[in-house]
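Here is a friendly walk through a few local features of one protein model. Please keep the sequence and the 3D view at hand as you read.

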Amino acid sequence: VQDHVKPDLLFVGSEFGVFFTVNGGDSWIKLEGGVPNIPFRDLAIQTRENDLVGATFGRGFYILDDYTPLREVTGDMLESGQALFPVRPAPWYVPMRDLGCRDSGCTASQGDAFYVAENPAFGAIFTYYLGEAVLSDQEARRKGEKEREKQNQDVAFASFDTIIDEGREDAPAVVFTVTDSDGNIVRHVEGPAKAGFHRIAWDLRYPSLNAWTPTATDDYFDSGQGVMVAPGSYAVSMAIRKDGVMQPTGQSMPVEVVSIRPEPVLPGSSQEERVIFDQQLDELLRVSEGTQNGIERLLVELGAAMSALKRSTTDGTLYATAVALKDRLLDQQERLSANPTRDLFHDWETMTVANRLWHARFAPGTNVYGPTPDQRESYRIGRSLYDQVVAELDAITGDHEALLNAMDAAGVPWTPGR
């Protein structure tokens, strides 16, 4: 089939996959992208969306979404260099959760025979090309060694310093930086650094401010997503990150985020105001989770201190101080999040900072229509309560530091925090 815009761009189906040419057939390149090495019996172009559709022999249909970047390809580009292709306007909406699922390909309770297929990635799609892979030091060394092996030449054993340095090296990546119309960084999106064409998606959100955890958490109502951006004009730039150092490529493209319906917010508000409110909530969540983790660390330190004080020669005064500090910390911890015993029996007589945040941020992954008056009030109360907790913790921290100094002076065995 022939492209309806660029006549020299042709596609052909064969017994071994799909091939394309950008020079009217002088040279052909195989389209891979995860397609098996199978016969293609028919090809068609969906001209409105610029999609290439292929029918295979016994293996179903395959669709290459929006192949317009191939119109920009030249022979020189394919031999070497880097390219970031124009970005198609990104429709702004909240994706539906098919069958109530959050993960792609989920069949819920429909059974194994229920057919599902993956939809195109949501958000702004960045298409880029690398003429050569960005190699780590180890990959570059091994590439040179393999060339010597092919020529039957000796290969020297790498020194231990070289091997150790290679083990410490950060993996290379292609990093796309999204900025708003004022030049503020919105998001960094990483892609593979292998040679060839690649596509990655920006989900139209700021990064999540949820606290780091060693294992992934699963919360249906809070999927760990960041605040969704407002429709508008953005830009994306491309850089190579090698061993932790960012190297700009000079490639950049505008990104237009377009709502599928006009101003989808509550009356009297705007998407810009919604973004500001959601970012205020995320910031309160960030600092409160950090404070909670700080309290847990201090409780560990106090537990260790109490254990060491039990086997010390002190008169018991320092031990009593440690117990009192622990009780004060627990009081503030329960103002941030519920007492485990009360929570077990659903005794929510006292509203915590976490309770206020949960209401103000209700379903942040799907709620983009703007805050209600009740949600604004929950944020105000939660912010005030958090500030009170921080004031109490400042006093506790000072007393905790004095306890550690007194333990050092009394010759108490080492404990964490000292």
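Glu-145 is buried, because its relative accessible area is 11% and buried means under 20%, with exposed over 50% and partly exposed in between (1.4 Å probe, protein chains only). This residue sits in helix 2, residues 137-150; helices (H or I, at least four residues) and strands (E, at least two) are DSSP runs, numbered from the N terminus. Leaving out residues up to four places away in sequence, Glu-145 touches Val-155 and Ala-156, where contact means heavy atoms within 4.5 Å.

The model is predicted: local features need pLDDT of at least 70, side-chain atom pairs count only at pLDDT 80 or more, and totals for chains, interfaces and linings use all residues. Residues are numbered from 1 along each chain as its sequence is written, and side-chain values use heavy atoms, without hydrogens and water.

Ile-164 belongs to helix 3, residues 160-168, and is partly exposed at 42% relative accessibility.

| Residue | Helix | Relative accessibility |
|---|---|---|
| Glu-145 | helix 2 (residues 137-150) | 11% |
| Ile-164 | helix 3 (residues 160-168) | 42% |

Five of them form an open sheet with mixed pairing, in the order 8-14-13-10-11; two strands pair if DSSP finds at least two bridges between them. At the edges are strand 8 (90-92) and strand 11 (185-191), each pairing on one side only. Strand 13 (residues 232-242) and strand 14 (residues 245-259) are antiparallel partners over 11 bridges. Ala-239 has Pro-248 in strand 14 as its bridge partner.
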